[in-house]
Amino acid sequence: MRDFAWGIAATGNIAQTVGAAIAAEPGMRVAAVGSRNLGRAQALAARLGAESAYDSYERLCADPAVDAIYVATPHAQHLEVAEVAIAAGKSVLCEKPLAATVDDAEKMVRLAREAGVFLMEAMWMRFNPLVRKIATDERFGDLRSVHASFGFAKPYDPEHRLWAPELGGGALLDLGIYPFGLAQLLLGMPSDLRITGALAPNGVDAEAGGVLLYPGGRKALVETSLLGNYPNHASVVGTQMRADLQAPFWATPRILLSGPSMEPEEYLLDPADNGYAGELREVRAATAEGRTESSIMPLDESLAMMGLLAEARRQVA
């Protein structure tokens with residue numbers, strides 16, 4: 001059986017990181033890299049052992065050797081690239097968030113469903129085996145609280161993708177999706193949210209934090225920031241057990257489970273089974289099985305998260 005072949009759209013840091021994960025995964029390879037800058041595409045292709053490099057995303061998606069496209073462009077360009085990939089019949093793994101706006105995300109999902117093409121948001125946290133263990137462990141009892149933060153100090157530069165509004169900049173879309181996403185995974189969608197924060201000089205959200213409210217008094221406390229260095233860990237509390245996720249919680253290497261009627265249990269991540277590997281394997285399995293969506297990262301939950309983040313951004317503004 002031949003290796004599952006990937007095309008990588010873009011050449012930035014995340015494209016390099018995930019590209020290296022593809023190259024290291026048994027049974028997978030990077031077949032091609034695409035960028036508007038051919039020199040950058042050629043350089044990354046050479047580094048990853050890819051046979052082809054293209055100066056456009058259209059040519060990348062048209063390559064018959066490619067089975068799936070990994071979209072690693074800035075958020076605002078996700079729809080543009082995914083639309084081309086879907087039209088070409090390629091499975092699509094799109095970096096989080098799924099898009100820069102709710103409208104773009106809804107269009108992307110509609111196109112994929114109409115074409116019967118696999119599409120998944122690359123929320124690697126959901127594929128971390130330790131996070132998945134927490135999500136499926138029934139010993140928590142009634143989950144009462146999730147507390148998570150993700151923040152670091154990033155000097156203000158309105159041209160950098162994290163700050164530029166035209167590129168989908170701001171703390172919430174890039175960082176906040178992880179604490180919000182952990183709450184969504186474990187508690188579902190909130191009945192209400194109360195978020196406060198601060199804006200950068202150009203109007204993007206520089207930091208945000210608050211509470212997501214759920215029926216029965218359950219809650220999630222979430223924080224995200226481009227202004228300060230946060231602890232970046234998380235805790236999950238149930239009526240019978242709690243979990244502490246070592247930083248960075250979205251790629252946690254260690255969790256500790258504890259409770260009044262149990263000896264503490266420590267679990268460590270096998271580096272070979274990190275979240276990147278998990279999401280890559282899911283795309284390959286779904287493509288082989290003819291599935292168009294993932295049960296681990298469903299499209300409806302990606303759309304719900306886009307709406308939640310949009311409301312949080314509205315409250316901060």
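The points below go through selected features of this structure, which is a predicted model.

1. The largest pocket. The space in the largest pocket comes to about 810 Å³. Its lining is made up of 31 residues, and those nearest the centre are Gly12, Asn13, Ile14, Ala72 and Arg161. Sorted by class, the lining holds 14 nonpolar, ten polar and seven charged residues.

2. Helices at the pocket. Two helices, α1 (13-24) and α7 (171-187), each provide at least two residues of the lining of the largest pocket. Of the elements that contribute, α7 gives the most, with three residues. Helix α7 comes up again in point 6, where its packing with α6 is described.

3. Alanine 10. This residue sits in the loop between β1 (4-9) and α1. Its phi is positive, about 105°, although alanine 10 is not a glycine. Is alanine 10 buried or exposed? Its relative accessibility is 8%, and the cut-off for buried is under 20%, so alanine 10 counts as buried.

4. Threonine 73. The loop between β4 (68-71) and α4 (78-87) contains threonine 73. With a relative accessibility of 4%, threonine 73 is also classed as buried. Which residues does threonine 73 touch, if those up to four places away in sequence are not counted? They are Ala9, Ala10, Tyr57, His78 and Val81. Ala10 in that list is the residue with the positive phi from point 3.

5. Two cis peptide bonds. The bond from lysine 96 to proline 97 is cis, and its omega is near -15°. Proline 97 belongs to the loop between β5 (91-95) and α5 (102-115). A cis bond is also found from alanine 247 to proline 248, here with omega near -10°. The loop that holds proline 248 runs between β12 (242-245) and β13 (254-259).

6. Packing of α6 on α7. Two packed helices are described by the angle between their axes and the distance between the axes. For helix α6 (residues 129-136) and α7, the angle is about 40° and the axes are 9 Å apart. The two helices are therefore oblique to each other. On the α6 side, Val131, Ile134 and Ala135 take part in the contact, and they meet Leu182, Leu185 and Leu186 of α7. By class, this contact has six nonpolar residues, with no polar and no charged ones.

7. Threonine 224. Strand β10 includes threonine 224. At a relative accessible area of 1%, threonine 224 is buried. Leaving out neighbours within four places in sequence, its contacts are Phe150, Ala171, Leu172, Leu175, Gly176, Glu207 and Ala208. Threonine 224 can also be placed relative to leucine 245: the two are 21 residues apart in sequence, and their C-alpha atoms are 17 Å apart in space.

8. Asparagine 232. The loop between β10 (219-225) and β11 (234-238) holds asparagine 232. Like alanine 10 in point 3, which has a positive phi without being a glycine, asparagine 232 is a residue other than glycine with a positive phi, in this case near 60°. Its relative accessible area is 14%, and asparagine 232 is buried.

Terms used
Residues are numbered from 1 along each chain as its sequence is written. This is a predicted model: local features need pLDDT of at least 70, side-chain atom pairs count only at pLDDT 80 or more; totals for chains, interfaces and linings use all residues. Side-chain values use heavy atoms; hydrogens and water are left out. Helices (H or I, at least four residues) and strands (E, at least two) are DSSP runs, numbered from the N terminus. Buried means under 20% relative accessible area, exposed over 50%, partly exposed in between (1.4 Å probe, protein chains only). Contact means heavy atoms within 4.5 Å. On a 1 Å grid over the protein atoms alone, a cavity is a set of points where a 1.4 Å probe fits but cannot get out, and a pocket is an open set with protein on both sides within 12 Å along at least five of seven lines; lining residues have an atom within 4 Å of a point. Grid points are joined across faces, edges and corners, and a volume is the space filled by probe spheres set on the points. Ala, Val, Leu, Ile, Met, Phe, Trp, Tyr, Cys and Pro count as nonpolar, Asp, Glu, Lys and Arg as charged, and the others, Gly among them, as polar. Axes are lines fitted to C-alpha atoms, for helices over the stretch in contact, and angles run from 0 to 180 degrees between N-to-C directions. Angles under 35 degrees count as roughly parallel, over 145 as roughly antiparallel, 65 to 115 as roughly perpendicular and the rest as oblique.
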